[in-house]
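Here's a quick tour of a model, taken piece by piece. Have a look at it first, then read on.

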Amino acid sequence: MIEYVPFGLFIKSKKNFMKIAKHTVPSVTYTLVVNGEVVDMAEKEKPLSFIHGIGMMVSGFESNLEGLTAGAKYEFMLSPEDAYGPYSAEAVVDLPVSTFMVDGKVNKDMLNIGQIVPMKDQNGNPLNGTVLEVSEEAVKIDFNHMLAGKELNFTGEILEVRQATREEIEHGHIHGPGGHEH
Ligand SMILES: [Zn+2]
């Protein structure tokens, strides 16, 4: 017997069972715990949505979600190698105070311990550094990612999985809710 399947229902159920794979767009909640402390989270009202498989998220995060469908809950731990890499002592550098001169004066507002300063490397790529120490001549800056060398514990739930549009894949970002509006 042939049954009538309303078009909208068919699409909906197909979407619900779509597995997370390359070029799908999962919307997920997550809680990131590092050393027993919650450092980041996204809740149901404002979930994280991203194009899977193009390097938008750290590799371990994407591989652990692969194959999951809407409604699935997840929990996993990432070693630094699968996340932001090991902590590198070489990424801690002393820069002359003059680096922070603006209009002939040192911009003291930027130089508080623990402050994140936006900088550029020699190729012009943006780079964030954290101020560790300030002396008369030099500023010690840590260019490691805040989560470098850290074990990341993720828990969350898959809310929705849909196919990315060709345009989204070309642009490298999602459109619509939680994404670019253009
Ligand atoms: Zn776009």
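## Domains

The chain is assigned domain 1 (11-84 + 148-171) and domain 2 (89-142), with bounds that come from an automatic or database domain assignment. Their centres, taken over C-alpha atoms, sit 33 Å apart.

A note on the ground rules: this is a predicted model, where local features need pLDDT of at least 70, side-chain atom pairs count only at pLDDT 80 or more, and totals for chains, interfaces and linings use all residues. Residues are numbered from 1 along each chain as its sequence is written.

Thr 31 belongs to strand β1 (residues 24-34); strands here are DSSP runs of E, at least two residues, numbered from the N terminus. Beyond its neighbours within four places in sequence, Thr 31 is in contact with Val 38, Met 41, Thr 155 and Gly 156 (C-beta atoms, placed from the backbone, within 7 Å). Glu 43 is 12 residues from Thr 31 in sequence and 8.3 Å away, C-alpha to C-alpha.

Buried or exposed, where does Lys 73 fall? Lys 73 is exposed because it has 10 other C-beta atoms within 10 Å, while Thr 31, with 15, is partly exposed (20 or more means buried, 12 or fewer exposed, in between partly exposed, with C-beta atoms placed from the backbone). Lys 73 is in strand β4 (residues 73-78).

## The four-stranded sheet

An open sheet of 4 strands runs β5-β10-β9-β8, paired antiparallel; a pair needs at least two DSSP bridges. Its edge strands, β5 (92-96) and β8 (116-120), each pair on one side only.

β8 and β9 (residues 126-134) are antiparallel and joined by 5 bridges. Pro 118 faces Asn 128 in β9.

Definitions and conventions: Contact = placed C-beta atoms within 7 Å.
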